[in-house]
Amino acid sequence: MPSSFDAFADFRMTGHKVIITGGAQNIGAGIARTLAGAGARVMIADLNGDLAEKTAAEIAAETGSDCRGMACDVTKSEQIDAVVAATVAAFGGVSTLVNNVGWGGRHDDPTAIPDDAFIASYKLNTISAYRMSMACLPHLLKEKNPSITNSGSFSSAAPAYDILAYGTAKAALNQMMVSIAHLLAKKVRVNSILIGTVMTPGYADAGIDPAMQEKLRNPDNLTGRPGSPQDVANAFLWLCSPAAGWVSGQTINVHGGGGVVRLFGS
Ligand SMILES: NC(=O)c1ccc[n+]([C@@H]2O[C@H](COP(=O)([O-])OP(=O)(O)OC[C@H]3O[C@@H](n4cnc5c(N)ncnc54)[C@H](O)[C@@H]3O)[C@@H](O)[C@H]2O)c1
């Protein structure tokens, strides 16, 4: 018997106009693809402009949604403003912001992290999300069901001394976004997802040895596997869509149930 109830209706993103930072590859590309697949128009803003355009073209072909890419360094205010202006010109507004950019790598000696490394990490992981959110705010306020959703990290909420400059910057992001959720109460929903291990090339680039990479592929979390970009994107779809219309000011774990964060040594 055909159902007259559409349980997926609230998850559809038709009419939504998304900016996603760092969406050219890996987790961000998964989120961009999923939101576009749910009917949103999506602008991918990434340091790698060529890859952003290529990924956007692939997503547009796969989903049939309007997906575009452009170069943007989210640590530069003028480039943030350019992305927002281009999105408004292309889509007629911005309803949905996904602050996905982040990372920062390890420091061999957690007792001697240079100030510059902390400052760079805070600029990339924390301040960029603030700047992007404030640049989008006038446009978000004009929309129905506007939201900001952030790629946080489980390392912000667990001991993670191999990656102190990163984990503390992500912890600051959590606090900032809960505060902004209250600042924008009844106007814009704001949530963060604390992501666990998703095996991306970033782990190898950070100098994690093959043995530890193998351990990360079989993590000691409650599911016994690392996440995929799609695992993470599914949670973003919920939080960005009208289905999460009663959810704001939350930091939500999507990490296979969690475990000890330990990227180096045993
Ligand atoms: N991969 C994981 O296991 C994991 C775990 C926890 C949290 N996260 C978080 O999820 C998010 C995505 O992670 P990922 O592993 O897919 O990252 P990634 O490094 O694979 O991709 C990040 C993207 O951001 C872009 N980028 C980097 N600096 C930029 C800048 N200044 N301006 C604009 N774009 C920039 C890169 O070009 C790249 O396309 C990050 O915030 C990360 O901290 C990831």
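**Figure 1. Packing of helices H4 and H5 in the predicted model.** Helix H4 covers residues 115-140, and its axis lies 8 Å from that of H5, at an angle of about 20 degrees. Angles under 35 degrees count as roughly parallel, and H4 and H5 are therefore roughly parallel to each other. Their crossing is right-handed. The H4 side of the contact consists of Ala117, Phe118, Ser121, Tyr122, Asn125, Thr126, Ala129, Tyr130 and Ser133. These meet Ala165, Tyr166, Ala169, Lys170, Ala172, Leu173, Met176 and Ile180 on the H5 side. Sorted by class, the contact of H4 with H5 has 12 nonpolar, 4 polar and 1 charged residues.

Figure 2. Glycine 104 counts as buried because it has 22 C-beta neighbours inside 10 Å, the cut-off being 20 or more. Leaving out residues up to four places away in sequence, glycine 104 touches Ser121, Leu124, Asn125, Ala165, Tyr166 and Ala169. Ser121 and Asn125 also belong to the H4 side of the contact between H4 and H5, while Ala165, Tyr166 and Ala169 belong to the H5 side. Between glycine 104 and alanine 165 there are 7.4 Å from C-alpha to C-alpha, at a separation of 61 residues in sequence.

**Figure 3. Packing of helices H1 and H8.** H1 (residues 26-37) and H8 (residues 229-240) pack with their axes 8 Å apart and at an angle of about 50 degrees. H1 and H8 are therefore oblique to each other. The crossing in which H1 passes H8 is right-handed. From H1, the residues in this contact are Asn26, Ile27, Ala29, Gly30, Ile31, Thr34 and Leu35. Their partners in H8 are Pro229, Gln230, Val232, Ala233, Asn234, Phe236, Leu237 and Cys240. The contact of H1 with H8 has 10 nonpolar and 5 polar residues, and no charged residues.

**Figure 4. Packing of helices H1 and H2.** The axis of H1 comes within 9 Å of the axis of H2 (residues 49-63), and the two cross at roughly 30 degrees. H1 passes H2 in a right-handed crossing. On the H1 side are Ala29, Ala32, Arg33, Ala36 and Gly37, and on the H2 side Thr55, Ile59, Glu62 and Thr63. By class, 4 nonpolar, 3 polar and 2 charged residues make up the contact of H1 with H2. Ala29 of H1 is also among the residues that meet H8.

**Figure 5. The shell around the ligand.** Of the 26 residues around the ligand, those that come nearest are Gly22, Asn26, Ile27, Leu47 and Gly102. H1 and strand E5 (147-153) each supply at least two residues of this shell. H1 gives the most, with 3 residues. By class, the shell around the ligand divides into 10 nonpolar, 14 polar and 2 charged residues. Asn26 and Ile27 are also among the H1 residues that meet H8.

**Figure 6. Asparagine 26 and lysine 186, each with a positive phi.** Asparagine 26 is not a glycine, yet has a positive phi of about 55 degrees. Asparagine 26 has its place in helix H1. Asparagine 26 counts as partly exposed because it has 17 C-beta neighbours inside 10 Å. Lysine 186, also not a glycine, has a positive phi of about 70 degrees. Lysine 186 is found in the loop between helix H5 (164-183) and strand E6 (189-195). With 6 C-beta neighbours inside 10 Å, lysine 186 counts as exposed, the limit for that class being 12 or fewer.

Figure 7. Alanine 244 is buried, with 22 other C-beta atoms within 10 Å. Apart from neighbours within four places in sequence, alanine 244 is in contact with Arg189, Trp238 and Leu239. Alanine 244 and threonine 87 lie 24 Å apart in space, C-alpha to C-alpha, and 157 residues apart in sequence.

Key:
Residues are numbered from 1 along each chain as its sequence is written. This is a predicted model: local features need pLDDT of at least 70, side-chain atom pairs count only at pLDDT 80 or more; totals for chains, interfaces and linings use all residues. Axes are lines fitted to C-alpha atoms, for helices over the stretch in contact, and angles run from 0 to 180 degrees between N-to-C directions. Helices (H or I, at least four residues) and strands (E, at least two) are DSSP runs, numbered from the N terminus. Angles under 35 degrees count as roughly parallel, over 145 as roughly antiparallel, 65 to 115 as roughly perpendicular and the rest as oblique. A crossing is left-handed if the near helix is turned anticlockwise from the far one by less than a right angle, and right-handed if clockwise. Two residues are in contact if their C-beta atoms, placed from the backbone, lie within 7 Å. Ala, Val, Leu, Ile, Met, Phe, Trp, Tyr, Cys and Pro count as nonpolar, Asp, Glu, Lys and Arg as charged, and the others, Gly among them, as polar. A residue is near a molecule or strand if its C-beta atom, placed from the backbone, lies within 6 Å of it.
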